[in-house]
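Biologist: I would like to learn how to read a model feature by feature. Can we take one together?

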Amino acid sequence: MENNTMTGLKRTHYCGELRTNNIGEKVVVCGFTQRARNLGTLQFIDLRDRTGILQLAFDDNTERELFELAKTVRSEFVIMAEGTVRERESKNYDIPTGEIEIDVTDLRILSKAQTPPFEIVENSTVKDELRLKYRYLDLRRADLQQNIIKRHKIVKSARDYFDKNGFIEVETPILIKSTPEGARDFLVPSRIHDGKFYALPQSPQLYKQLLMVSGFDRYVQFARCFRDEDLRADRQPEFTQIDLEMSYVDVDDVMQIGEGFIQHLFREVMDIDIELPLRRMTYKEAMEKYGSDKPDVRFGYEIEDLTDIVKDCDFTVFKSAAETGSVRAICVEGGANAYSRKELDKLTEQVRGIGGKGLAWIKVTEEGIQSTFSKFMKDEEMQAIVSRMNAKAGDIIFVVADGKNKIVLSVLGMLRLECAKKMNVIDNNKWCFLWITEFPFFEWDEDLNTYVAMHHPFTSPMAEDIDKLDTDKGNVRAKAYDLVLNGIELSSGSIRITDPVLQKKMFTALGLSDEESYQKFGFLTDAFTYGAPPHGGMGLGLDRLVMLMLGAESLRDVIAFPKVQNMMELMTECPSLVDEVQLGELHIALNKTEK
């Protein structure tokens with residue numbers, strides 16, 4: 001008889017917990033039906049919960065009514081079963097519970113299920129769009145469930161670490177004042193205050209600085225952050241940041257806490273020892289060696305400057321680039337035979353696609369040099385390039401020239417990654433952490449034709465560079481630091497400005513008038529006039545960290561309900577239209593345009 005109630009039964013064990021040492025015990029288990037098999041006189045149900053799969057058995061000794069009820073069970077039915085643990089005759093050593101089964105004496109069907117739109121199995125090959133539309137089914141898959149469970153363990157371990165190190169967890173507001181922080185704000189209209197808006201926080205930056213003024217000298221928060229920007233594969237419009245701030249510290253103190261956290265986390269969750277201190281590299285060195293401020297240092301292919309060799313050559317492309325920019329190269333070991341002419345042409349198109357003018361190359365062979373530009377060069381110049389690059393027979397050298405160093409470096413940064421993937425030289429078992437330090441305070445915005453802050457305007461300049469604020473903005477360095485893992489930025493942080501005079505000077509350098517800066521940040525600068533401890537901090541991207549630790553391919557694999565490329569959540573079809581009454585209450589009138 002079907003019984004859709006749980007009367008008299010309470011779960012005693014999770015499916016994946018039971019082993020041979022439980023043989024003879026009477027247990028109650030529940031979960032989803034992975035599959036049901038009817039073999040005539042024998043029936044088996046594979047029962048699944050978040051801990052694993054367990055076999056339920058029905059045979060000649062099973063009560064007939066119970067046996068017939070088991071025949072009606074289908075995939076994804078929610079059931080509860082009582083029985084005795086016994087040894088399996090046909091063992092399955094591929095699963096932890098494969099040596100035992102439950103001899104079922106009571107079965108309850110708690111909820112029936114339609115045939116799902118895709119099979120609930122690990123490593124599903126179903127298209128992302130379908131999986132995300134039925135995300136509640138997708139999340140039943142064991143691999144995704146394990147990702148979410150491991151994320152929980154990572155968060156718990158993180159909380160333990162910061163608690164042990166004297167940090168106080170404080171929640172900051174979600175509805176805040178809109179302030180310029182780099183990306184576009186998500187805005188929330190106010191119903192009560194006509195024409196005014198809240199913003200969702202891009203980070204808790206200003207509040208955590210105010211907490212330092214308030215005397216909470218060590219703050220941490222697992223903060224929800226929101227950025228209304230075009231998405232890439234490694235971004236979501238809403239994400240979680242492990243946000244921290246500390247008083248009475250300088251750069252080394254914050255970095256010490258950060259790398260201590262990494263060591264603790266990898267040891268506790270992954271049983272991996274990360275050696276401290278972590279490697280440090282200045283922004284200038286990272287850009288010149290790797291063409292990126294978040295370099296992947298698991299492999300070589302370091303950039304070399306050839307400008308001094310070619311500045312007086314007869315090749316116009318190199319000679320003109322050397323006047324205002326540079327000529328630089330990477331050497332791909334063993335790459336001469338790996339790249340056909342067709343593949344080199346394709347690589348050249350990729351270079352042009354990111355702003356480069358072209359790609360020159362030299363193949364070093366046993367017979368000599370093959371090159372796209374050797375006819376314009378003297379033999380001694382070509383040999384000097386090969387020598388500078390430490391190239392040997394079988395290697396290929398890629399050369400990029402441009403009148404702007406920024407383009408040369410970014411193109412070669414892309415090339416070294418593309419080549420590393422093709423040559424399969426990236427060791428995915430390596431954990432290469434790296435601090436990038438001494439970022440430029442300003443970067444030149446060609447569209448605005450002015451300098452803008454590379455970080456937020458509360459980042460402190462290095463003391464020895466303060467005098468350059470008026471005369472040499474391009475060479476002002478910031479007390480800013482990023483933590484990079486295997487070529488992915490995990491964290492960004494800085495020491496903050498607490499001197500009101502210096503803060504005003506920074507606003508002026510960024511083109512903000514006194515009135516404009518006070519309107520946007522007056523509540524913070526006012527607070528600093530009442531005594532502000534020196535402080536600094538960092539924000540560490542939890543989603544990215546979990547993704548890397550678990551070896552997941554995408555952020556979507558470690559977030560329960562992610563959004564897709566166009567910022568939609570397919571399951572709930574969000575964002576959605578709202579009715580005219582709600583819009584009226586918010587004093588909003590839509591400008592409807594035809595598509």
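**Reading the chain**

Modeller: Start with burial: of the 595 residues of the protein chain, 47% count as buried. Buried means under 20% relative accessible area, exposed over 50%, and partly exposed in between, with a 1.4 Å probe and protein chains only. The model is predicted: local features need pLDDT of at least 70, side-chain atom pairs count only at pLDDT 80 or more, and totals for chains, interfaces and linings use all residues. Residues are numbered from 1 along each chain as its sequence is written, and side-chain values use heavy atoms, with hydrogens and water left out.

Biologist: How many helices and strands does the protein chain have?

Modeller: Helices (H or I, at least four residues) and strands (E, at least two) are DSSP runs, numbered from the N terminus. Here there are 16 helices and 22 strands. The C-alpha trace spans about 95 × 75 × 60 Å along its principal axes.

Biologist: What share of the contacts joins residues 24 or more positions apart?

Modeller: Contact means heavy atoms within 4.5 Å. Among contacts with a separation of 6 or more, residues 24 or more positions apart account for 66%.

Biologist: Now helix packing. At what angle do H4 and H6 pack?

Modeller: Axes are lines fitted to C-alpha atoms, for helices over the stretch in contact, and angles run from 0 to 180 degrees between N-to-C directions. H4 (residues 142–164) and H6 (residues 251–270) pack at about 135°, with axes 10 Å apart. Angles under 35 degrees count as roughly parallel, over 145 as roughly antiparallel, 65 to 115 as roughly perpendicular and the rest as oblique. H4 and H6 are therefore oblique to each other.

Biologist: Which residues of H4 and H6 make the contact?

Modeller: H4 gives Lys153, Ile154, Ser157, Ala158, Tyr161 and Phe162. From H6 come Gln256, Ile257, Gly260, Phe261, His264, Leu265, Glu268 and Val269. For residue classes, Ala, Val, Leu, Ile, Met, Phe, Trp, Tyr, Cys and Pro count as nonpolar, Asp, Glu, Lys and Arg as charged, and the others, Gly among them, as polar. The contact of H4 with H6 divides into 8 nonpolar, 4 polar and 2 charged residues.

Biologist: And how do the axes of H10 and H12 cross?

Modeller: The axes of H10 (residues 341–353) and H12 (residues 405–423) come within 10 Å and cross at roughly 145°. On the H10 side, Glu343, Leu347, Gln350 and Val351 take part; they meet Val411, Met414, Leu415, Glu418 and Lys422 of H12. That contact holds 5 nonpolar, 1 polar and 3 charged residues.

Biologist: Let us zoom in on one residue. Is Ala401 buried or exposed?

Modeller: Ala401 has 13% relative accessibility, so it counts as buried. Ala401 lies in strand E16 (residues 396–402). Leaving aside neighbours within four places in sequence, Ala401 is in contact with Val317, Phe318, Ala321, Ser326, Val327 and Val408. Gly325 is 76 residues from Ala401 in sequence, yet their C-alpha atoms are 7.7 Å apart.

Biologist: Next, the backbone. Which peptide bonds are cis?

Modeller: Leu276 to Pro277 is cis, with omega near 0°. Pro277 is in the loop between H6 and strand E11 (279–282). Cys574 to Pro575 is also cis, with omega near 5°. Pro575 is in the loop between H15 (542–550) and H16 (580–585).

Biologist: What is phi of Asp271, and where is Asp271 found?

Modeller: Phi of Asp271 is near 55°, a positive value in a residue other than glycine. Asp271 sits in the loop between H6 and E11. With a relative accessible area of 69%, Asp271 is exposed. Glu573, not a glycine either, has a positive phi of about 55°. Glu573 is in the loop between H15 and H16.
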